[in-house]
Amino acid sequence: MPPKRKANFSSPSASKSKRDSRVSTPVSSAQKTTSDKSKDRDETAKGPGELSRLAANNAQRFDLTDFPYTLPPGITDIASAYFQPAQKRDFTDLALKANHQNLPLWIDGSGKITLENFHEKARRVQEFLIAVAEPTSRPRFMHEYKLTIHSLYAAVSAGLTTKDIVTTLERFSKNGLPPNIAEFITECGKSYGKVKLVLRNTKYFLETTDGALLQQLLKDPEISLCRVEGAEATRTSAPTIAGLAIPGTKEAAGMREAEGLNHGVVRRRRSGHSGMAEDIYALLNEDDDDADEHDITHAIEIKDDKVSAVAARCLALHYPALEEYDFRHDNVNPDLEIDLKPATQIRQYQEQCLSKMFGNGRAKSGIIVLPCGAGKTLVGITAACTIKKGIVVLATGSMSAIQWRDEFIKWTNIKPSSISIFSSDQKSTFAGTTGVIVTTYSMVTNTRNRARDAASMMEFLGSREWGLVILDEVHVVPAQTFRRVVGSIKGHSKLGLTATLLREDRKVDDLNCLIGPKLYEANWMELSQQGHIARVQCAEVWCPMPADFYDQYLTTSPRNRPLFCAMNPRKFQACQYLIKYHENRGDKIIVFSDNVYALEIYAKKLMKPFLYGGTSISERQEILDYFRNSPACSTLFLSKIGDTSLDLPEATVLIQVSAQYGSRRQEAQRLGRVLRAKRRHEDGFNAFFYSLVSKDTVEMVYSAKRQVFLVDQGYAFRVITRLKNIENTPGLAFATPEAEHDLLQKVLAESESSAWKKEEEKEAAGLLADGNMFYGRGGRAARKRGFRGHWSRPGL
DNA sequence: CAAGGCGAAA
DNA sequence: CTTATTTCGCCTTG
């Protein structure tokens, strides 16, 4: 920053002279030429402006900002980032109110809201904030929320007015609400709900009650390109909102039958905004929700594959085009006979998710974020039971598809013939006029030639209108090919479910247009305090590297570094120590290593079963059953096969030996593997999560990155630099210098061979490409390692 | 029906 | 400049 400013000062005409030099060759100031004359004329033309700018620059010269305080190298300053102008976190103009100590919020000009979570008013205000803003960080004491166009839309469609929002924020803020924020909220309110995306007769339409607005949108070049043909005007009646009960809620239960269920937690709730604090909502006017809706709607047809492009463009024009499905008045699509089983009672937060989705009596498309083990599936199924139309469920793998089908049968009264799986090994349809289809993303988005039955099944999927599309693990949807599901399956509403709405690329934002806005995000800490998910102790164990290892680590090529980090003998010992400690406590332990070589070495040395991608299906099942049932086996080693599509048995301890780069999602997903743990230990924790990190290596950086999401969820990572009494632990591996040396030689050999293999691969590919282009790219065969899951079973 | 090719994701 | 590496699922062949 300072150099930029310096440049500005030193020559206000510097950029100008550069511009001039392009026109004429530079001349000395002594020579007076025509070009100089024109320059003079230029200067006089904007003389006063130039002068004042010079003065301003001059003043800046004597500003302290031109003499920045720089930290000594190697020291990172976290705090000052908050006060950089780029962050718009300048609080200078925001005067504190006299009674600020009685108020829990800070609101700055960037739309960031900070909540003092320890404040006596925090609980009530929190419920309001969740309704109007998106939570971004919720550790123990200070919570951060962000006002966005989507969060405000959700608030408005749940019945709040923009005036309510502004006054309530103003009321609880320690500082006066910045004027730009009030303006932002009001402006957003004006454009909400004006434009809708609707599906009729398997065609998509952009619809509005404002004819002039539609004309304006049509003038946009991008939108007009996405249009099919002609505009039509249709008549609709304003929808009513009376009497919708979400199945599984207390109200619905009360309607069905009087059950002696726990009434301790029952709070008065009105349809639309259940569980919100009374005093904050006292000023709401429920009835003006649809009051000013016109009878005439104007619509244009949109090309199937351009739906998300139109949504994106509308959002950019500040007219978010959202999907709302008035399923109760849909007489075109046949009803599906599906209901939750009478005994089913959903939890309070699941109910909150659903009231966000069905807040105004229609089904809003969007995303619900719940941690693993918090019952995402049941939320999806309850949504399906509310809409009662044809349902498509998209899962990431065929295993997961089977689980979805089973869950549907477990929780609902759906006829087994009405639900079917469409995957590579099962291709059947439901019996009646409508039903539930569970399929996989790759099945639907496959572009290569299909098998005949798959093609006909796809034809069937694409030619119909579906009431609800449930997208499991919705964070995968922005991927290049998976995003095509949005165009190829026509759903009136879409519900995305995920535990971790995270990607390391910048594509998460696309989900706003592909699926819809985030409707609800659970607070992990809150759920664990309520006992719905486990309380987890997280720790990062720092393992120093022996000197000779570290030397090799420094000299090896960067590609081999992760191998050295994983094979660090101190790390191995830490792993061994932790396994021993927790096995003695009676825990079930899962060890993750993304490096398959390290995985094999660790598991074989410690005589534990291990499982990776190359393990055959039958052997996988055998190993998992063994781990699940045998008391003799309490530790299992897994590659990243365990991250997805493996129905892992319950574990209470998780040890991470090596991981892929800085993936926050992977870290959260792995922590999720112990969230189902129920057994409580005397120290109050149900489960443990250890991340083993080789000290002073790339792993330190990645590890910090990986933890960001969990830290925002309120998890605190304890750093352990030495494990208690590890030096006196008998039977540790690689305890002697010789053993350590042997290990180093092994690792060196492995890194050599993998490097060599790579070379050979490249060479082969090159030669083949040169010699005979029809062979294409070779080298895949060399990659496939032949060894199968090999393991020792002490008890069988 | 088992195995391998291939594309794609993270 | 867009890597690396492991894994999954679909489809085809013997």
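This is a predicted model: local features need pLDDT of at least 70, side-chain atom pairs count only at pLDDT 80 or more; totals for chains, interfaces and linings use all residues.

Analyst: To count as a disulfide, two cysteine sulfur atoms have to be within 2.5 Å. Cys188 is also buried, because its relative accessibility is 4%.

Cys575 is in no disulfide either, with the sulfur of Cys543 as its nearest cysteine sulfur, 9.2 Å away. Cys575 counts as buried too, since its relative accessibility comes to 0%. Go by that cut-off and the count of disulfides is zero.

UniProt, in an unreviewed entry, puts the feature "domain: Helicase ATP-binding" at residues 357-519. In the model, that stretch is 31% helix and 23% strand, and its end C-alpha atoms lie 7 Å apart.

Cys543, for its part, takes us to a sheet, as it belongs to strand S18 (536-543). Here seven strands make an open sheet with parallel pairing, in the order S20-S21-S19-S22-S23-S18-S24. At the edges you'll find strand S20 (610-611) and strand S24 (717-720), and each of them pairs on one side only. Further in, strand S19 (residues 589-593) runs parallel to strand S22 (residues 653-658), and five bridges join the two. To spot this pairing on screen, look for Ile590, which stands opposite Leu654 in S22. Packed on this sheet is helix H28 (residues 698-712), which touches S18, S22, strand S23 (687-694) and S24. The direction of H28 makes about 155 degrees with that of S23.

For contrast, have a look at another sheet. This one is open as well, but it has four strands in the order S1-S2-S4-S3, and the pairing is antiparallel. Strand S1 (105-107) and strand S3 (134-137) are at the edges with a single partner strand each, so one side of each has no neighbour in the sheet. On average, neighbouring strands here are turned by 30 degrees against each other, direction ignored. Three bridges hold the antiparallel pair of S3 and strand S4 (residues 142-146), and Ser137 has Glu144 in S4 as its bridge partner. A helix packs on this sheet too: H5 (residues 122-132) touches S1, strand S2 (112-116) and S4.

How values were computed
Residues are numbered from 1 along each chain as its sequence is written. Chains are lettered from A and ligands numbered from 1 in the order in which they are written. Side-chain values use heavy atoms; hydrogens and water are left out. Two strands pair if DSSP finds at least two bridges between them. Contact means heavy atoms within 4.5 Å. Axes are lines fitted to C-alpha atoms, for helices over the stretch in contact, and angles run from 0 to 180 degrees between N-to-C directions. UniProt positions are given in the numbering used here, feature names are shortened, and annotations may be inferred rather than shown by experiment. Buried means under 20% relative accessible area, exposed over 50%, partly exposed in between (1.4 Å probe, protein chains only).
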